Amino acid sequence: MATTNGALENGQLDRKPPALPRPIHNLEVKFTKIFINNDWHESKSGKKFATYNPSTLEKICEVEEGDKPDVDKAVEAAQAAFQRGSPWRRLDALSRGRLLHQLADLMERDRAILATLETMDTGKPFLHAFFIDLEGCIKTFRYFAGWADKIQGRTIPTDDNVVCFTRHEPIGVCGAITPWNFPLLMLVWKLAPALCCGNTVVLKPAEQTPLTALYLGSLIKEVGFPPGVVNIVPGFGPTVGAAISSHPQINKIAFTGSTEVGKLVKEAASRSNLKRVTLELGGKNPCIVCADADLDLAVECAHQGVFFNQGQCCTAASRVFVEEQVYSEFVRRSVEYAKKRPVGDPFDAKTEQGPQIDQKQFDKILELIESGKNEGAKLECGGSAIEDRGLFIKPTVFSEVTDNMRIAKEEIFGPVQPILKFKNIEEVIKRANSTDYGLTAAIFTKNLDKALKLASALESGTVWINCYNALYAQAPFGGFKMSGNGRELGEYALAEYTEVKTVTIKLDDKNP
Ligand code: ADP
């Protein structure tokens, strides 16, 4: 029997992925309030904010707008749930794992609802929300469910008459701040290891996309997590986000978002209580295509690598370096792909590209496209918005891009593929590394020696060889340099959510 990505090992029967269901039309949004102590609360200020469907630009609903007093209330609840002797602290580790599995079961049950909400709120294709985002969430919960009762310390040989061992203990109240591009998935990457290790959590979803996080609150309650273990405060960055990052009773924070805000989070963490910080930030990721690569594969992976999720990925292949012998052919085939990319209604199962998330991002992308034209890159296709269609942008390919152009240096976060040319491996290593970012890199070659040389030389937290966006719950993910600190996913994530305590016992050798 085949095992895929450890699903079998983690308590799930080998299963075929479900067929794509129909999205749920006229879905009523039931959960719009602040989730604290397994209950729904209005904001202390009485304020609400609207969330919009970026595809139609219509308001979906209003959500309670949290602020510092709501964060304080959530932290109080999370602290109480973490007290020694509380139901959560008394729960044995196996049962903690079982709760995570049950949460994954409910996500499977409500997968179509969650994918519909995610598509409404982000504009991402329903196909991707259902098969990629939700699949990733469910597997991540199951993976960490399996770890809950396997978090073990070590015995350490020291002196003869000494017993020394370590205990891996939960940190306490953990904060999480998440972005709008993968609202549920980024939240689950934080929530699953935090709960697996026995912590309690205060979460802030991005203001553009709060709906799936709040729905998850309802599932947390239904599964029976004790009140206060998970608390969700929707709201804005400078209010709720800042209150979480600077809260003196939050012992750890995990953040995914821009490098700029990541710096603020780290500053606030150090100014308040030196809380531990995990950051997953931006990227300007090199994708290196050697002349000996399988060109069909390279073209397709580079295309998906940059256009997936409307280009709104920190992993986006936004600097494609192609060896000169195959450059023109690579550009020709990439343009063909881009021109065929189905852009449109994200609820249509054939659609692969929806709208950008909001006006601010849309304007920023168009401004960068203009800079590419003005700085002398060759516009091969796209290069503008789709007329009369709100926030939709044509898949855009630029060739003849050079390292000094803004489209080769700045994170675009949109459907724009800049293609650069290189002559030899030493040169491309140097150019690929000449960025402050270091999140991911990809290499396309049939030569194993070349692949491994590049894999060791590239300064990035992830290197993909002959594939792209190959992310697994079992494998750590995070950045070098200004792409972040710490690792999410995999066994490494457990270290981010536990404190190590060293216990040393001096034996009384006079009294054996
Ligand atoms: P983007 O530029 O892609 O919107 P951001 O880094 O601005 O990404 O946002 C990611 C998350 O950080 C969101 O949940 C946002 O509300 C939050 N955020 C924004 N500003 C702050 C801040 N000053 N402190 C804490 N969180 C913030």
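Mentor: Gladly. Helices here are DSSP runs of H or I with at least four residues, and strands are runs of E with at least two, numbered from the N terminus. Keep in mind that this is a predicted model.

Trainee: Which elements each supply at least two residues of the lining of the largest pocket?

Mentor: They are α8 (237–245), β10 (252–256), α9 (259–272) and α12 (359–374). Of these, α9 gives the most, with six residues.

Trainee: What makes a residue part of that lining?

Mentor: A lining residue has an atom within 4 Å of a pocket point. For the largest pocket, with about 1,000 Å³ of space, 35 residues meet that test, and Phe255, Gly257, Ser258, Glu260 and Val261 are the closest to its centre.

Trainee: How many of the lining residues are nonpolar, polar and charged?

Mentor: The lining divides into 15 nonpolar, 12 polar and eight charged residues. Gly counts as polar in this scheme.

Trainee: Why is the largest pocket said to lie between domain 1 and domain 2?

Mentor: Because domain 1 (34–281 + 495–499) and domain 2 (286–460) both give residues to its lining, the pocket lies between them.

Trainee: And what is the volume of the second largest pocket?

Mentor: About 710 Å³. It is lined by 29 residues, with Ile132, Phe308, Asn469, Ala470 and Leu471 the closest to its centre. Two or more residues come from each of α5 (126–147), α6 (183–196) and α10 (295–307), and α5 gives the most, with seven. Both domains contribute to this lining too, so the second largest pocket also lies between them.

Technical notes. Residues are numbered from 1 along each chain as its sequence is written. This is a predicted model: local features need pLDDT of at least 70, side-chain atom pairs count only at pLDDT 80 or more; totals for chains, interfaces and linings use all residues. Side-chain values use heavy atoms; hydrogens and water are left out. On a 1 Å grid over the protein atoms alone, a cavity is a set of points where a 1.4 Å probe fits but cannot get out, and a pocket is an open set with protein on both sides within 12 Å along at least five of seven lines; lining residues have an atom within 4 Å of a point. Grid points are joined across faces, edges and corners, and a volume is the space filled by probe spheres set on the points. Domain bounds come from an automatic or database domain assignment.
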